[in-house]
Amino acid sequence: MDQRGIEFMFYGLSSAWLLLAAYAVTLVVRERRIHEEIHRLRNLVEDRDRK
Amino acid sequence: MIFLRHVLTVANKDLRSEFRTKEAINSSFSFALVILLLFSFAFDPTEEMTREFSGGLLWIAFAFAGALLLNRSFVRELPNDCLDALIASPVPAAALFLGKSLANLILLLLVEAVSFPVFGVFYNQRWTQQFWPLLLVAILGTWGFTVVGTMFSALTVNIRLREVMLPLLVYTTLLPCLMASMQLTTLLLAGEPLTSVEGLVWLRFLIAFDVIFSTLAVAFVETVLIG
Amino acid sequence: MRSKLLYACGLLAALLLVRNLYVVLLQLPDDADQGAVYRIIFYHVPSWFTAGMAVLTALVASVAYLIRKDLWWDTLAVAATEIAVVFITIGLVTGSIWGRVAWGIWWTWDARLTSALVCWLLYAGYLVLRTAIEDPSARARISAVFSIFAFADIPIVWYSIEWFRTQHPAPVLRGEGYMDPQMKAALYANWPALMLLAAVLLAVRMRQEAARRELDGLRRQAHSL
């Protein structure tokens with residue numbers, strides 16, 4: 001393979017992959033946080049209801 | 001005809017309440033002047049340089065000063081639930097919107113009417129040589145600005161951080177309008193006729209922007225205000 | 001069942017992407033005069049196609065919300081816009097890196113680049129706007145209108161900047177630019193892979209938005225206690 005500009009090719013491809021990976025990670029983290037919060041609130045509401 | 005009367009009533013109401021307190025227009029005036037002043041310190045331009053960027057300088061000043069007017073436009077109706085009363089009144093939402101845009105247009109044109117002579121004096125420019133074409137450009141550019149600005153003012157009236165949100169959304173959307181106005185103003189101040197090839201292209205473009213966004217805004221304002 | 005299908009699609013997208021990476025890096029011939037850096041295009045162009053699709057989806061969903069007033073459409077709109085912002089970012093970043101080598105500069109204010117940037121700003125503004133509105137139906141309504149305005153703005157921005165001479169290479173897929181058929185095939189192969197990935201992300205994001213609405217409801221309920 002032609003070696004000219006190969007480092008920039010590497011930067012370009014890895015930035016594309018990294019951005020996608022970063023977005024996927026944000027999604028997962030956000031999802032987890034939302035579900036924890038839902039769980040917590042549900043318990044809270046149910047506890048109150050029981051009393 | 002009745003629609004037109006509604007528009008004028010709303011505009012009249014807005015202008016009257018603004019001129020009683022003068023809170024938006026005063027801050028807008030002084031802001032425009034401060035920007036004009038700061039620019040001359042920041043770049044210390046020669047007459048030649050000024051001719052190159054005059055349009056950009058003026059329209060940046062107008063855009064910033066205009067945002068202060070737009071911020072107040074719908075917020076003014078929030079105390080005492082005036083906005084709800086206006087929406088409940090027999091005035092259609094489109095007339096309410098056009099009336100408010102008209103009031104903003106007049107207010108911003110007043111700010112511009114003061115800024116042009118100040119610019120002429122501070123920067124040593126003869127800006128009156130093509131007065132009527134310049135007025136036409138000012139009106140068209142300002143109409144584009146106010147029609148989008150008033151619409152977004154209605155969009156953001158009930159949200160948190162509206163003073164931040166409004167400029168963020170308005171300036172991005174207005175980029176083409178501001179660009180055309182800047183180009184045309186620079187052209188006219190440099191002494192070129194509005195009917196030159198470049199001038200006509202930008203003029204047509206500016207008119208197209210005004211028509212498209214006026215139509216969109218009138219079509220959607222009811223959705224925004226009433227839902 | 002649904003989430004299993006989602007995982008399967010995600011896995012398929014990942015496989016396709018890896019296979020395309022292999023083709024791009026090891027099978028394709030070198031470009032005549034650009035060196036290795038031209039291989040960025042296999043991510044750059046399909047990203048833009050995907051971003052375009054996402055933007056169109058956001059527009060359709062926004063219009064549909066205003067007609068139907070069904071929050072499902074709003075969910076679709078926000079998910080599509082977020083995906084669009086991600087792919088626009090990828091397009092901008094990869095393009096900028098390519099430009100650094102091919103043009104010697106990171107950025108130039110030509111029509112394509114500037115409208116892309118304005119597009120990014122508009123849709124990022126849409127996402128910021130949403131965070132500032134509490135009431136779900138007001139949020140949906142207002143952001144739908146803004147989305148329509150943003151979409152209408154893009155072609156106008158494009159024409160406004162086109163009067164300056166354009167530096168971006170002519171579109172390779174139609175007309176002036178020429179592209180080797182093998183490379184064209186690789187380009188078209190990477191598009192469905194990215195689209196599939198975008199669809200999976202879209203579905204995940206939509207599910208999340210629904211969960212977030214549920215969370216809002218629970219918060220109100222807890223607050224009223």
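**Chain C and its two neighbours**

Chain C meets chain B through 23 residues from chain C and 23 residues from chain B. Two residues are in contact if their C-beta atoms, placed from the backbone, lie within 7 Å. On the side of chain C that touches chain B, helix H4 (111-131) and helix H5 (136-162) of chain C each give two or more residues. H5(C) gives the most, with 13 residues. This side holds 19 nonpolar, two polar and two charged residues. Nonpolar means Ala, Val, Leu, Ile, Met, Phe, Trp, Tyr, Cys and Pro; charged means Asp, Glu, Lys and Arg; the others, Gly among them, are polar.

This is a predicted model: local features need pLDDT of at least 70, side-chain atom pairs count only at pLDDT 80 or more, and totals for chains, interfaces and linings use all residues. Residues are numbered from 1 along each chain as its sequence is written, and chains are lettered from A and ligands numbered from 1 in the order in which they are written.

Now turn to chain A. Here 31 residues of chain C are in contact with 28 residues of chain A. Helix H2 (41-68), H3 and helix H6 (181-224) of chain C each supply at least two residues of the chain C side. H6(C) brings the largest share, 13 residues. The side divides into 18 nonpolar, six polar and seven charged residues.

H3 of chain C covers residues 71-102. Its 32 residues reach 46 Å from first C-alpha to last, close to the 46 Å expected at 1.5 Å a residue (1.5 Å times one less than the number of residues). Helices are DSSP runs (H or I, at least four residues), numbered from the N terminus. Of the 32 residues of H3(C), 27 are buried, so this helix is largely enclosed by the rest of the structure. Buried means that 20 or more other C-beta atoms, placed from the backbone, lie within 10 Å of the residue's own. After H3(C) comes C:Gly104, with a positive phi near 85 degrees.

Conventions:
A residue is buried if 20 or more other C-beta atoms lie within 10 Å of its own, exposed if 12 or fewer, and partly exposed in between; C-beta atoms are placed from the backbone.
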